[in-house]
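Let's take a walk through a protein model, one piece at a time. Have a look at the chain first, then read on.

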Amino acid sequence: ELFWSTLTEPQISANKSFWFRLKTDGKWHTYKVMKKAEGKWSGTLKLLRLDMGGAGDAIEVDWVRLYGR
């Protein structure tokens with residue numbers, strides 16, 4: 001799940017989040033997650049939080065890249 005906050009809405013909440021599916025085969029993968037600017041997904045990004053896996057899962061992230069419009 002990906003959570004975000006903006007300068008105008010700095011609190012993290014469930015209504016500022018969305019899910020995307022991860023592959024569970026133990027291999028490295030590249031994910032391209034896209035979200036249109038709409039509703040609360042607009043404005044200047046302040047914080048980005050990725051919640052992946054569950055309790056006890058080993059998750060490794062090599063890099064994250066953010067693109068503008």
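Arg49 has a relative accessibility of 34%, so Arg49 counts as partly exposed. That label sits between two others: buried is under 20% relative accessible area and exposed is over 50%, worked out with a 1.4 Å probe on protein chains only. Which residue does Arg49 form a salt bridge with? The partner is Asp51, and the closest N and O atoms are 2.9 Å apart. To count as a salt bridge, a side-chain nitrogen of Lys or Arg has to be within 4 Å of a carboxyl oxygen of Asp or Glu. Asp51 is partly exposed too, at 31% relative accessibility.

Before going further, keep in mind that this is a predicted model, where local features need pLDDT of at least 70, side-chain atom pairs count only at pLDDT 80 or more, and totals for chains, interfaces and linings use all residues. Residues are numbered from 1 along each chain as its sequence is written, and side-chain values use heavy atoms, leaving out hydrogens and water.

The structure holds two salt bridges, so let's visit the one between Glu9 and Lys16, where the N to O distance is 3.7 Å.

You'll find Lys16 in the loop between strand S1 (2–6) and strand S2 (17–18). Strands here are DSSP runs of E with at least two residues, helices are runs of H or I with at least four, and both are numbered from the N terminus. The side chain of Lys16 also reaches the backbone oxygen of Gln11, at 2.4 Å. Leaving aside residues up to four places away in sequence, Lys16 touches Leu2, Phe3, Trp4, Glu9, Gln11 and Lys40. Touching, or contact, means heavy atoms within 4.5 Å.

Time to zoom out. The protein chain has three strands and zero helices, and its elements run β-β-β from the N terminus on. Of the 69 residues in the chain, 13% are buried. Take the contacts between residues at least 6 apart in sequence: 53% of them join residues at least 24 apart.

Notes:
A polar contact is a pair of N or O atoms within 3.5 Å; within protein, one must be able to donate a hydrogen and the other to accept it, and residues adjacent in sequence count only if both atoms are side-chain atoms.
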